[in-house]
Each structure stands twice: as structure tokens, then as C-alpha cells.
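Keep the chain in view and follow each pair in turn.

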Amino acid sequence: MSSQVSTSRGLPSPSKLGTFESPHTWQMSGPTGQAEAGSSDDQDIRLLSVSWNQDFGCFAAGTSNGFRIFNCDPFKETFRRDLKSGGFGIVEMLFRCNILALVGGGSNAHYPPNKVMIWDDHRSHCIGEFAFRSDVRAVKLGKDYIVIVLERKIYVYNFTDLKLLHQIETQSNPKGLCCLSHHSNTSVLACPGVHQGHVRVEHFGLKVTRMISAHDSHISCMALTMDGLLLATASMKGTLIRIFNTMDGTRLQEVRRGLDKADIYSIALSPNVQWLAVSSDKGTVHIFSLRVRVAGEDASNEQRSLEGPRMDHQNSSSSIDPLIQTNTGSNASSSLSFMKGILPKYFSSEWSFAQFHLPEVTRYIVAFGAQNTVMMVGLDGSFYRCSFDQVNGGQMLQKEYFRFIKADLTPLRTSAP
């Protein structure tokens, strides 16, 4: 599978870029097309994709005639481009700067689905282009890397000069599963391996590759912590979520979403590595308590969100106990859990600590906000913010709801960092 890369000039450093802080920051002159700012009717718009930025403070919505950027707290639309010339199936942000990765989508795609355009909205032109022989399944951006996911291959490019650094073979990956860490001291990528149920973890800075046998069936969803030291995975069965140490591949914890098969839409790990959230086609968002120790737990929440957590670990795969601790709240378990090893496995499972029920007709992606809140963005154009009791758990309390776009309810894609 070959690729072609072109660039009009050197890419700017991410630290020197503008931000999407105002809906009127730049003139609305869309990517190689004519823009009509605010002139379109949402009733005619199809929502094609929603995706978080790297710190979950914003999300991008790709539509059948452009894209929009939303701030999460406070919730507001900060930027939009409405175009006559087509839609975007993938809109990937780089934190809050003006660089976006765009892939065409929908029945009237703005770009071919086998091309990735690196768009500088401050300059209002494309600064890089990648072309492939097959459709692009996902794009991930980091401060150092551009990661492009095809169905059976992943390309990793240097962000500054677009030089190809790595080519990674995977099993068939139609969902475009791939995670990238976003911490100043670590560069970690996780993706499906070449064997069913396996996850490949690349520690680029250490030049270490780790293969993790996560599940018996195909991987359906995965998420990394900000520092890339913890990995959460779910399989096509969707009943169990497993948490692994990416340094040595050891399994640290296993939690149960339910007994029935489910399609897992999204997994999120909280910045302080105390909680895990899962959304699925069953319409319930589950919150689980994690038992993984992180260093410097007396550090401020602000510092955690900026730098990400550090996991206390030793490189020996036998050193698992130091990674396990009791959290503030504990997950529910069966009253028959004392008969572990005698009764079926689900009787000794850890069940969710807190829950929130959503409409089952659409996909939702989830992320953690400030002060024990969870944010949910749906491909029906809805945004929820809920809070949970970190001591007692139970049903979460809805704090905010916004309908950010009245879209056609036939979604295509969701993604996360």
C-alpha cells in the first residue's frame, strides 16, 4: 500500500499556532471552496462525525457541508465553516490550534475519502496532503506526529516535515482503531495487532514494541491514558473492559459492562486515572472505579490535566501489586463473589459504579470533565454533562443538555484521541 505526500511549505511549530477561541477569529473562506457563514439550515445537514480534541476541552463535528468546533466548558460553538462544495467524514483537531486534519465524507464529499488534507485555517489553505490507494479510516494528531489509519496499515509521519517514520501492519481495522498519547514525556501509540484480539503498543521514545493479548475476539474499542502508560480495551463481545500496563503488558484490572453482547462506542479514562467511562449501543454510560495507583496524587487537578498522570511501575512484569490500590468508591460485585472459581466468572465480576441512561438510537462518545463530571456527545447533535457521586455512585445527575445541531439522524463515524 503506497502513499503520496505533498506540502506547499514547511509546517509551523504547534506551539506557534493560533487557536479556535472565537467564532469570528478568521474570515470564513472555506477549504478550496466557497463558504456561507451561518447561512445553512441545520435541518438539511447530516452530522457525519464527532471527535474530541486531545485534552477533551473541545470537540469537532464534521457535517455534510463543512465542520464546526465546540468548546465544552462553558458549552458554546466557537468556529464553523459551512461550504457548498461538500462534507467531511473526519475532522481531527490539534489541541486548540488552527491546524486540522480533514478527510471528505458523505454523499457529496469535499475531498476524496482516500486523501488527508492538513488544513491551516489561519492561512486559509492546505499545508500538506496525503493520498492513498484505499480509504482513510482515522487520523490522529499529536505535537510530534501525524498518524493515518487505513484498514490494514498505519502510517506515522513527522509533524514538522511530513517525513514517513513508521509503517505498522494491522489486522483488518475498519473502525480505524488507534490511540496516541499526549504527554510531554511519552510518545505511545496503540493499535490492533496482526492477530485477533491482540493490541500492538509502540513506545516511540523508548523504541520498544509491546504485543498484548487483550481478548479472544476482535478488538472493538480502546483508549490510552494521557501519558500512554495505561490501556483500556473492549472486544466485539462488549461485555468486559480490561486495563493493561503498556510497559510490560500485564493486565491490571477487569470490569464488566453487562452480560449481553454490546457494541462499545467509546472508552474514556479520567485524567487522574481514578475512573473509566464506557458508552455502548445499549444506551447506558457506565462509570467504573479504577484501582491503579498514580504518582503524586496530592498534585493539583490543574497540574494533572496539563501534564497527565504518572503511573508508579517497575519494569518487571511480576511487580503488579504496587499498581493496585483501593479507590474512593468501589465497583459493585455479586453477593456470591466469595464463590469465585466455583460459579461462572460473571458472579465475581466488578460491575459499574455509576450509570446514566441515553437514547439507544444514536452513538455517543464520552470524556471526563472537571469535578466528577462526564461529557457525552451524540451523533444526533446532542451534548450532555452529568455528575456522579464519587463515594456512593448510582445514577448520575444530568447537569446540562444542549442540542448543538438539529441533524439528520443517519450518522457515520465517531472517534476519540
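The paragraphs below take the salt bridges one at a time. The model is predicted.

Side chains of opposite charge can pair when their charged atoms come close. Across the whole structure, a search finds 16 salt bridges.

Start with Arg81 and Asp121. Their closest N and O atoms are 2.3 Å apart. Arg81 sits in strand E5, residues 75–82. Asp121 sits in the loop between strand E8 (115–120) and strand E9 (125–132). The pair therefore ties together parts that are 40 residues apart in sequence. Both Arg81 and Asp121 are buried.

Next, turn to Glu151 and Arg137. Their side chains form a salt bridge at 2.9 Å, N to O. Glu151 belongs to the loop between strand E11 (145–149) and strand E12 (153–158). Arg137 belongs to the loop between E9 and strand E10 (138–141). The two residues are 14 residues apart. Glu151 is partly exposed, at 27% relative accessible area. Arg137 is partly exposed too, at 24%.

Now look at Arg291 and Glu350. Here the closest N and O atoms are 2.7 Å apart in a salt bridge. Arg291 lies in the loop between strand E24 (284–289) and strand E25 (294–295). Glu350 lies in strand E28, residues 350–351, so the pair ties together parts that are 59 residues apart in sequence. Arg291 is partly exposed, with a relative accessible area of 27%. Glu350 is buried, because its 18% falls under the 20% cut-off.

Finish with a network. Arg68, Glu77, Arg80 and Asp82 are joined by salt bridges that share partners.

Key
Residues numbered from 1 in each chain as written. Predicted model: local features only at pLDDT ≥ 70, side-chain atom pairs only at ≥ 80, totals over all residues. Heavy atoms only, no water. Salt bridge = Lys/Arg side-chain N within 4 Å of Asp/Glu carboxyl O. Helix = DSSP H or I, 4+ residues; strand = E, 2+ residues; numbered from the N terminus. Buried < 20%, exposed > 50% of the residue type's maximum accessible area, 1.4 Å probe, protein only.
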